[in-house]
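Here's my note on the structure you sent over. Have it open next to you while you read.

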Amino acid sequence: MNKLVVLISLVLLTVGNYSSYASPKDFIVKSPDGHIQIVVTNNGNILKYSVNKNGKAVVLPSKMGFVLQGNENLNSFDVKKTLRTSHDETWEQPWGECRYVRNNYNEMKILLQARNSKNKLNIIFRAFNDGIGFRYEFPKQDGIDSLVIMKENTEFKMPQVHKAWWITASNPYYECLAKLSRICDLDTVRTPLTMETADGKYLSIHEANLTDYPKMNLTISDSTTLRSTLVPWSTGVAAYIKVPFATPWRTIIIGDKPGDLVESRIMLNLNEPCMIKDTSWLKPCKYIGIWWELHLGEGTWYYGPKHGATTANTKKYIDFAAANGISGVLVEGWNKGWEGNWTKNGNTLDFTQPYPDFDIKAITDYAKEKGVELIGHHETAAATKNYEQQLDRAFAYYKKYGVNIVKTGYVNPLMDFKEAHDGQYGVRHYRKIIETAAKYKIAIDNHEPVMPTGIERTWPNLMTQEGVRGQEYNAWSPDGGNTPEHTTVIPFTRGLAGPMDFTFGTFNFTNKAYPGTRVNTTLCKQLALYVIIYSPLQMASDMPKNYSGIKAFDFIKDVPTDWETTKVIDAKIGDYSIFARKDRKSTDWYVGAITDENSRELNIPLSFLESDTKYMAQIYADGDDAEWKTNPTSFKYEERIVTANDILHLKLATSGGCAIRIIKLQKS
Ligand code: NOJ
């Protein structure tokens, strides 16, 4: 796992030299550049933290602490000691939106003694140049080896009534269209919660390293205070912890513009370094699959006359993948157990028993000959006990046939009909799957996951996840499909939590199965999404027959899924966005621009290119007559020589887009 562990630079400024803090009143830690400050007060022994940037409040004094079983309130403390450290390191990702990540912060750890009980608690604050993180730590302490947490009382008190893009916590899969409202009107909502502040800045509250603990939702109280609400067990308990224990980090990214949120790496930095020694088997890639035809009702997951996962059908997909340089073919509905209402009885799902018309040996031998891999599928229907019982056998079975990536699924609002996906029960289950898969050198694409929190730094075989309202809604959602604005929002909300397996790539916009529902974009917007929405595994989700003979498919063939660097050129959340990303394996750049339901003219300065160098831009743009409702497939292709001094002027159709590959030629 050389790449990840080889540190490009490691400068630990004062690590290890914790020293006591002198002031008896406020405890302050500043970001390395001095602009962001975390201030902790303990007036009347009620501990509060606040955050400011350049002297302006970002978070007003906000409460911290817990309620433990027996109604014990852990919120009144004596400060015993503060410890400080600084850190500056650059590490390399095995795959990602950028190759190198700088982790630079100042840390303050406050050691507390509860006033009304024996409990000791530490709170660790880290101030970065682009935001903050803090976590609670229950240190080893005499007489306490476990605790039952009923509530976490962390608050985020905003100085004004900001606006937020939010999704309700009542959807177990995070598959919602975001609403934009003033925070005083919020429901209980999911994180990442992205806000535009009253003075036009951007904040996003989320968490990092969710391990053996429930997910944090946020509930509004008194119009500006967001309060953490942990997803409970069915018993009402939030978390059972073994002491010593550290909670996930609570994070706030603080930006001047939407792109600052996307370019922040706080979440990854607050996760533990990679646990997988050799990551060379983790290969970012593109895939096609027996999938869209199932969602459009052209085939079935279950065995029968319209069964999709047949040997012959899979071979057709393998042929298409091989002919077009696509390395993976996903096949859903290959294994026994999909009959009847499988979501009501996931225990019938068997992960080592293919249907009789799916000859896995013949298929994988054929794929191997053609240089293509089968991508596996474990739909569990959230029957996690059934899945866990089969887990080792199921991974070993796939591995025997050369399967290196498995898509997992949890279609059922509760796990084992009882526990939330993102309560402690679900969090434990998902981690067990990732760690077991790593043993088998299998990468995971997790659908219906717990909201990602950067665990992929530690377990990079967790390559991508759903947890977003993706392309499938454009097949069957009774509301007509995803709105044109949806993909202009999610890079700045759910996308901040990590890779999204959205599965775009539609070229044929008719939907006979569910009239009135369709992909609500132009074809070029589908292309641009490969640059805008990040995932190291990207699906070309349409059926092969819909790609053949269309020049625009070249962009899907060319676009990489692993990046040296990422820049958000311009964006207005909910209206439009322009991303530029540089390929990790070549000198090519890729640009994607998308708009909502409004057509738009956008300028893209190419100043991110090397100076004094000529490039060839291959531009896939909406046709002059393109319009998402009536003429989505109209597009034009143009090649142009460009340099870093150029500004590209783009015209995007309604719900349109533009996708550009920029190839380095020679020094001019
Ligand atoms: C929901 C997943 O998101 C989708 O991709 C999959 O096809 C179905 N479940 C069936 O497993």
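The points below go through the ligand and its surroundings, then the aromatic pairs.

1. One thing to keep in mind from the start: this is a predicted model. Every value below is computed.

2. Let's begin with where the ligand is. It sits in the largest pocket. Around the ligand there are 13 residues, and the closest are His 295, Glu 332, Glu 379, Lys 407 and His 447.

3. What kinds of residues make up that shell around the ligand? Six are charged, four are nonpolar and three are polar.

4. Now zoom in on the oxygen atoms of the ligand. Lys 407, already listed among the closest residues, has a polar side-chain atom 2.7 Å from a ligand oxygen. Glu 448 has a side-chain N or O atom 3.1 Å from an oxygen atom of the ligand. For Glu 472, a side-chain N or O atom is likewise 3.1 Å from a ligand oxygen. As for cover, the ligand on its own has 300 Å² of accessible area, and the protein covers 94% of that.

5. Next, the aromatic rings. The count comes to 37 aromatic pairs. Take Tyr 49 and Phe 134 as one example: their ring centres are 4.8 Å apart and their planes meet at 50 degrees, so this pair counts as tilted.

How values were computed:
Residues numbered from 1 in each chain as written. Predicted model: local features only at pLDDT ≥ 70, side-chain atom pairs only at ≥ 80, totals over all residues. Heavy atoms only, no water. Near = heavy atom within 4 Å. Polar contact = N/O pair within 3.5 Å; in protein donor to acceptor, adjacent residues only side chain to side chain. Areas by Shrake-Rupley, 256 points an atom, 1.4 Å probe, with all protein chains shown as cover. 1 Å grid on protein atoms, 1.4 Å probe; cavity = no way out; pocket = protein on both sides within 12 Å on 5 of 7 lines; lining within 4 Å. Sits in = over half its atoms within 2 Å of the grid points. Nonpolar A, V, L, I, M, F, W, Y, C, P; charged D, E, K, R; others polar. Phe/Tyr/Trp six-rings, centres within 6.5 Å; stacked < 30°, edge-to-face > 60°.
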